[in-house]
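The following paragraphs go through one protein chain, from its overall make-up to a few single residues.

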Amino acid sequence: LIGDGKSDYCLAHHADAVFAKKNLANYCHGKKIAFKDFDTFADVLKEIHNWQRTSPQPINTAQQHDKLD
């Protein structure tokens, strides 16, 4: 899931991976849903390419969120 608002809240609970900013990031943080912060879609693509180089590893909901570099 890639999102930034209230319309994404429900989906965040069921997604294998959540890329969030703005309201969705605040929501995920409050609900303890693992997510990656992002600024642009290029950030998301970079992270997905990193998964492909190692092995596909969706964000586990038990992990803490972290800021993409």
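Of the 69 residues in the chain, 35% count as buried, where buried means under 20% relative accessible area, exposed over 50%, and partly exposed in between, with a 1.4 Å probe and protein chains only. The model is predicted: local features need pLDDT of at least 70, side-chain atom pairs count only at pLDDT 80 or more, and totals for chains, interfaces and linings use all residues. Residues are numbered from 1 along each chain as its sequence is written, and side-chain values use heavy atoms, with hydrogens and water left out.

The chain has 3 helices and 4 strands, which run β-α-β-α-β-α-β from the N terminus. Helices (H or I, at least four residues) and strands (E, at least two) are DSSP runs, numbered from the N terminus. Among contacts (heavy atoms within 4.5 Å) with a separation of 6 or more, 37% join residues 24 or more positions apart.

D8 sits in the loop between β1 (2–3) and α1 (9–12). Beyond its neighbours within four places in sequence, D8 is in contact with L1, G3 and L24. D8 is buried but has no salt bridge, that is, a side-chain nitrogen of Lys or Arg within 4 Å of a carboxyl oxygen of Asp or Glu. The nearest side chain of opposite charge belongs to K22, 10 Å away; Lys and Arg count as positive and Asp and Glu as negative, while His and the chain ends are not counted.

K22 itself is part of helix α2 (residues 22–31). K22 counts as exposed because its relative accessibility is 56%. Its phi is near 55 degrees, a positive value in a residue other than glycine. K32, in the loop between α2 and β3 (36–37), also has a positive phi, near 60 degrees. K32 is exposed, with a relative accessible area of 70%.
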